[in-house]
Amino acid sequence: MDLFSLSDRTALVTGASSGLGRHFAKVLSQAGADVVLAARRMDRLEALAEEISKSGGRALPVEMDVTSDDSVSGAFATIKEALGRPCDIIVSNSGMSRDTWFRDQSEDDWNAVIDTNLNGVWRVGKHATNAMIEAGVPGSIINIGSRSGVVGIPRAAAYAASKAGVRNHTKSVALYCAEVGLPIRCNVVQPAAVLTPMWDPMLGEGAERARNMQAIVADTPLRRFAQPSEVAAMCVYLASDDAAYVTGAEFTIDG
């Protein structure tokens, strides 16, 4: 049984230069998809594209800043010109955090987190949906949320608020596409702690890091952090035709 095959599919992964995004791109490629790697750091994207190519896959690096509509629309124009077809899998993964207690947070830092994590998902989803409609192809949008968008997080209120927004934006997009008859599904994947570089500021250093990691593990029934592969596996499922009846759903991967 050829379950979860992504052959003849094209996947866009934002935030692909590091962390979970880098892992998502590699796993989607292994499942058979051509991948478009989007982020601001082209040197890292080019290195990842070469790595995927050496493994037998096909990857196109494209510069994209999700906080700029001009950058996002320009990236989609580049994709259309380079491939002649739209991406029919979208993994909207770009994210950031500027952690501090909410009462100490500057307005600039708050706005930067919201603009990247929430507004960026909206910008990418809007342009991706329009590209799929124009080409007349069905697709799957997978937004990367966070468990913090469900339960909150004490030292990262902006991050948690942005991910809560992603959660309900996803449901609204799914309802819209279904109501107007667009063959586009939209779901949200909400991982808990995965040890990527973005978690470093939240965990701290030295003894503080050890205490925070121990507290997270103690609060997790499975008593460990998530592995990137466990999050990527859900993305492959949601991208595939085997999830054709799944839309507007949230998948919290938190052990």
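Start by selecting Cys 87: at 3% relative accessibility this residue is buried (under 20% relative accessible area, with exposed over 50% and partly exposed in between, using a 1.4 Å probe and protein chains only). You are looking at a predicted model, where local features need pLDDT of at least 70, side-chain atom pairs count only at pLDDT 80 or more, and totals for chains, interfaces and linings use all residues. Residues are numbered from 1 along each chain as its sequence is written, and side-chain values use heavy atoms, leaving out hydrogens and water.

With a disulfide taken as a pair of cysteine sulfur atoms within 2.5 Å, the count is zero.

Next, pick Asp 34 in strand β2 (residues 34–39); strands are DSSP runs of E, at least two residues, and helices runs of H or I, at least four, numbered from the N terminus. Asp 34 is buried at 16% relative accessibility. Beyond neighbours within four places in sequence, Asp 34 is in contact with Arg 9, Thr 10, Ala 11, Arg 58 and Arg 85 (contact means heavy atoms within 4.5 Å).

Finally, show helix α1 (residues 19–30) with helix α2 (residues 42–54), whose axes lie 11 Å apart at about 25° (lines fitted to C-alpha atoms over the stretch in contact, with angles from 0 to 180 degrees between N-to-C directions). Highlight Arg 22, Ala 25, Lys 26 and Ser 29 of α1 and Leu 48, Glu 51 and Ile 52 of α2, which make the contact.
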